[in-house]
Amino acid sequence: MMTDDPGVISLIPTLVVFILAVLTRRPIESLISGSLVGLVMLNGSQFISGFAETSIRVMTDPDVAWVILVCGFMGSLIGILIRTGATSAFTDKLTTYVKSAKSALMASWVLGIIMFVDDYLNSLAVGSAMRTLTDKYKISREKLAYVVDSTAAPISVIIPFSTWGVFFAGLIVANGIAPEGEGLNTYIRSIPYMLYAW
């Protein structure tokens, strides 16, 4: 069991994640390994019961449950669109307008701005819709990922009528920053100061 102020030792799980991610290029397994190392550090030989308690606490948190549901439903929707051929049909339609690597990236950027409702939906939809088209023009997946990521959360943050706006408005009220019913107005007034998104 660790003390209340573990100091530098608390960086070990992060180092495990970082080193494994670099060596194996497998981010999910690296994150799981880092989490397990942290659980062992916190609970010692009782890490299995610690894992169970932590899992229950995390899974019953309303915010985490909301993220899991949103990601699950949106991921399922995108999966259905891919399986039914809807994304392929959309990509085929875009092919008539996209004639170069630059226009493929520009189309990805514009589509990312149009899909402002939610950053997860944006990433999933734009990424799956534009992947084939950008592959055709030999644009690296990393470059596509950068364009998609640059328009996902930042646009959702700047446009307040998104899941981010609703989520942060709730947090603003819950933390006493604004009175009940004024969370969204406070959020909108703070948009000019959201430097990362801009």
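Residues are numbered from 1 along each chain as its sequence is written. Because the model is predicted, local features need pLDDT of at least 70 and side-chain atom pairs count only at pLDDT 80 or more, while totals for chains, interfaces and linings use all residues; side-chain values use heavy atoms, without hydrogens and water.

Confidence comes first. The mean pLDDT (the predictor's confidence in each residue, from 0 to 100) is 84 for the chain. A value of 70 or more is reached by 97% of the residues. Helices here are DSSP runs of H or I with at least four residues, numbered from the N terminus. Among the elements, helix 1 (residues 12–24) has the highest mean pLDDT, 93. Helix 4 (residues 62–84) has the lowest, 78. Where pLDDT is low, predicted coordinates should not be read in detail.

Now turn to helix 2, residues 27–43. Its 17 residues reach 24 Å from first C-alpha to last. That is close to the expected 24 Å, the expected span being 1.5 Å times one less than the number of residues. Five residues of helix 2 are buried: Ser30, Gly34, Gly38, Leu39 and Met41. Buried means under 20% relative accessible area, exposed over 50% and partly exposed in between, with a 1.4 Å probe and protein chains only. The buried residues of helix 2 pack against helix 1 and helix 3 (47–59). Gly38 sits in helix 2. Its relative accessible area is 16%, so Gly38 counts as buried. The C-alpha atoms of Gly38 and Pro13 are separated by 5.4 Å, although the two are 25 residues apart along the chain. After helix 2 comes Gly44, with a positive phi near 60°.

Further along, Thr134 lies in helix 7 (residues 119–136). Thr134 is buried, at a relative accessible area of 1%. Contact means heavy atoms within 4.5 Å. Beyond its neighbours within four places in sequence, Thr134 contacts Ala104, Ser108, Ile139 and Leu144.

Last, the aromatic rings. The whole structure holds one aromatic pair. Rings of Phe, Tyr and Trp (its six-membered ring) pair if their centres lie within 6.5 Å; planes under 30 degrees apart count as stacked, over 60 as edge-to-face and the rest as tilted. The ring centres of Phe168 and Tyr187 are 6.0 Å apart and the planes meet at 5°, so this pair is stacked. Phe168 belongs to helix 9 (residues 163–174) and Tyr187 to helix 10 (residues 183–190), so the pair ties together parts 19 residues apart in sequence. Phe168 is partly exposed, at 27% relative accessible area. Tyr187, at 2% relative accessibility, is buried.

Definitions and conventions:
Helix = DSSP H or I, 4+ residues; strand = E, 2+ residues; numbered from the N terminus.
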